[in-house]
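Q: I have a model open and want to learn to read it. Where do we start?
A: With packed helices, then aromatic rings.

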Amino acid sequence: MKPLLELPFLDNRWDFITAFDVLEHVLPEQVPFALKEMSRVSYRFAFTISFREAGTIINGRNVHPTVWPPSAWTEAIEKADGSISSISSPSDGFFIGKWK
């Protein structure tokens with residue numbers, strides 16, 4: 001996940017950043033850093049996040065190491081200075097908003 005933790009872009013380079021079924025693959029301890037890095041390079045975001053373990057195991061590990069409920073993802077995004085839009089549907093795994 002190193003590329004997600006060190007995006008090769010200038011600050012505020014992009015208007016919008018997306019991560020569709022990506023964040024659940026990040027290790028739990030890396031989530032705050034990944035979100036902060038995405039906030040560094042963009043103004044707005046759209047994420048879909050799975051709340052279930054994957055059916056795939058590699059080297060004895062599930063490929064979804066971060067299986068959190070919607071409330072935990074909401075908290076993590078807000079701690080990274082994300083403001084989640086009312087058109088989001090966190091219970092369905094869809095988060096859209098802007099960075100503060």
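A: Keep in mind that this is a predicted model. Begin with helix 2 and helix 3, which are oblique to each other.

Q: How is a pair of packed helices described?
A: Two packed helices are described by the angle between their axes and the distance between the axes. Here helix 2 covers residues 31-41 and helix 3 covers residues 70-79. They pack at an angle of about 50°, and their axes are 9 Å apart. Angles from 65 to 115 degrees would count as roughly perpendicular, and those under 35 as roughly parallel. The pair is therefore oblique.

Q: Is the crossing of helix 2 and helix 3 left-handed or right-handed?
A: The crossing is right-handed.

Q: Which residues make the contact?
A: Helix 2 supplies Val-31, Leu-35 and Lys-36. Helix 3 supplies Trp-73, Ala-76, Ile-77 and Lys-79. Of the residues in this contact, five are nonpolar, two are charged and none is polar.

Q: What about Pro-32, buried or exposed, or in between?
A: Pro-32 lies in helix 2. Its relative accessibility is 44%, so Pro-32 counts as partly exposed. Look also at Lys-79. Pro-32 and Lys-79 are 47 residues apart in sequence, yet their C-alpha atoms are 7.9 Å apart in space.

Q: Now the rings. How is an aromatic pair described?
A: A pair of aromatic rings is described by the distance of the centres and the angle of the planes. The count in this model is five aromatic pairs. Take Phe-45 and Trp-99: the ring centres are 4.5 Å apart and the planes stand at 45°, so the pair is tilted.

Q: Where do Phe-45 and Trp-99 lie?
A: Phe-45 is in strand 2 (residues 42-48), and Trp-99 is in strand 6 (residues 94-99). The pair therefore ties together parts that are 54 residues apart in sequence. Phe-45 has 0% relative accessibility, so Phe-45 counts as buried. Trp-99, at 9%, counts as buried too.

Q: What is the geometry of the rings of Phe-47 and Trp-99?
A: Their centres are 6.3 Å apart and their planes are at 55°, so this pair is tilted. It links distant parts of the chain: Phe-47 is in strand 2 and Trp-99 in strand 6, 52 residues apart. Phe-47 counts as buried, because its relative accessibility is 0%.

Methods:
Residues numbered from 1 in each chain as written. Predicted model: local features only at pLDDT ≥ 70, side-chain atom pairs only at ≥ 80, totals over all residues. Heavy atoms only, no water. Axes fitted to C-alpha atoms, helices over the stretch in contact; angles between N-to-C directions. Helix = DSSP H or I, 4+ residues; strand = E, 2+ residues; numbered from the N terminus. Parallel < 35°, antiparallel > 145°, perpendicular 65-115°, else oblique. Left-handed = near helix turned anticlockwise from the far one by under 90°. Contact = heavy atoms within 4.5 Å. Nonpolar A, V, L, I, M, F, W, Y, C, P; charged D, E, K, R; others polar. Buried < 20%, exposed > 50% of the residue type's maximum accessible area, 1.4 Å probe, protein only. Phe/Tyr/Trp six-rings, centres within 6.5 Å; stacked < 30°, edge-to-face > 60°.
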